[in-house]
Amino acid sequence: MIVDLHAHTTPRSNCSRTTLEELVASARARGLDALCITEHDVTWPDDELAEASRALGFTLIPGVELTTDVGHVLAFGPLRKPLWLGYRFEELVEEVEGTGTALVLPHPVRRVAGERALRGGRTPPAPEVVAASFAWSAVHAVEAVSTQTTPFEHELTAAGLAVVPRPSVGASDAHGPGLAGAYATRLVRRVSGAVELAEEIRAGHVVPVALESPTAAT
Ligand SMILES: [Zn+2]
Ligand SMILES: [Zn+2]
């Protein structure tokens, strides 16, 4: 099955300009089987997301994009702390060892090689430096491609993965209309919820895919 692991809705993520309904329409048009909703530091109430999934007739899987001391980290599965308290990355890594929650590193080189960093005159690091970071090896998968990262970031991430191989995923990181599903992840097994999805990510049974144009007429 193909799932988009990373998307933001308005109004729950204030950086997003797209609704849940629009994200689902876009993901469906590209032939996806499921969409993960990963707002910044807040989760949807379980019953509310389940109800939306039923109403839209599309599998929606809860996740969250946590703000940590090393940057953003996607989490799928249970978290023990109230999210408003915040997580340090090391604390998060330690906690998920016991809970089965999966961690994915989104836009892994944005801070050092993203558009803003390069415009600011930053010299991008070598792939060896990228792959030597603690986060690179501590998460269960690295986001290799998204609509919110540049071709240069994708190249540098791929080069880092060649130095220190990690499971990698694709995801839209959609914040606007028409983007959900443009990049996504192929899973070997069918999953319907966050716990099953976390098992697949932790097992490394993930492959990034690009679905640039809708595959189905809508
Ligand atoms: Zn992010
Ligand atoms: Zn995001």
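This is a predicted model: local features need pLDDT of at least 70, side-chain atom pairs count only at pLDDT 80 or more; totals for chains, interfaces and linings use all residues.

User: Why is Gly-31 called partly exposed?

Analyst: A residue is buried if 20 or more other C-beta atoms lie within 10 Å of its own, exposed if 12 or fewer, and partly exposed in between; the C-beta atoms are placed from the backbone. Gly-31 has 13 C-beta neighbours inside 10 Å, so Gly-31 counts as partly exposed. Gly-31 sits in the loop between α1 (20-29) and β2 (34-40); helices (H or I, at least four residues) and strands (E, at least two) are DSSP runs, numbered from the N terminus.

User: What makes His-107 buried, and what makes Asp-41 partly exposed?

Analyst: His-107 has 22 C-beta neighbours inside 10 Å, and therefore counts as buried. Asp-41 has 15 other C-beta atoms within 10 Å, so Asp-41 is partly exposed. His-107 lies in the loop between β5 and α4 (110-113), and Asp-41 in the loop between β2 and α2. Neither is a glycine, yet phi is positive in both: about 30° for His-107 and about 60° for Asp-41.

User: How do you know that the buried residues of α1 are on the same side?

Analyst: The buried residues in α1 are Leu-20, Leu-23, Val-24, Ser-26 and Ala-27. They cover an arc of only 165° around the axis, which puts them on the same side of α1; the arc is that of the directions from the helix axis to the C-beta atoms. These buried residues pack against β1 (2-4), β2 and α2 (46-56), where contact means that C-beta atoms, placed from the backbone, lie within 7 Å.

User: Why are β7 and β9 said to stand at the edges of the sheet?

Analyst: Two strands pair if DSSP finds at least two bridges between them. Nine strands form an open sheet with mixed pairing, in the order β7-β6-β5-β4-β3-β2-β1-β8-β9. β7 (168-170) and β9 (206-210) each have a single partner strand, so one side of each is left without a neighbour in the sheet.

User: How do you know that β5 and β6 pair?

Analyst: DSSP needs at least two bridges, and β5 and β6 have two, in the parallel sense. Val-104 stands opposite Ala-141 in β6. On to β7, β6 is joined by three bridges, also parallel, with Val-142 opposite Ser-168.

User: What makes β6 largely enclosed?

Analyst: Five of the five residues of β6 (residues 141-145) are buried, so the strand is largely enclosed by the rest of the structure.

User: What makes a set of residues a nonpolar core?

Analyst: The set must consist of buried Ala, Val, Leu, Ile, Met, Phe, Trp, Tyr and Cys residues joined through C-beta atoms within 7 Å. The largest such core here has 50 residues, and Leu-35, Leu-103 and Val-104 have the most contacts inside it. Another core, of five residues, lies apart from it, with Val-109, Val-130, Ala-131 and Leu-156 among them.

Conventions
Residues are numbered from 1 along each chain as its sequence is written. Chains are lettered from A and ligands numbered from 1 in the order in which they are written. Two residues are in contact if their C-beta atoms, placed from the backbone, lie within 7 Å.
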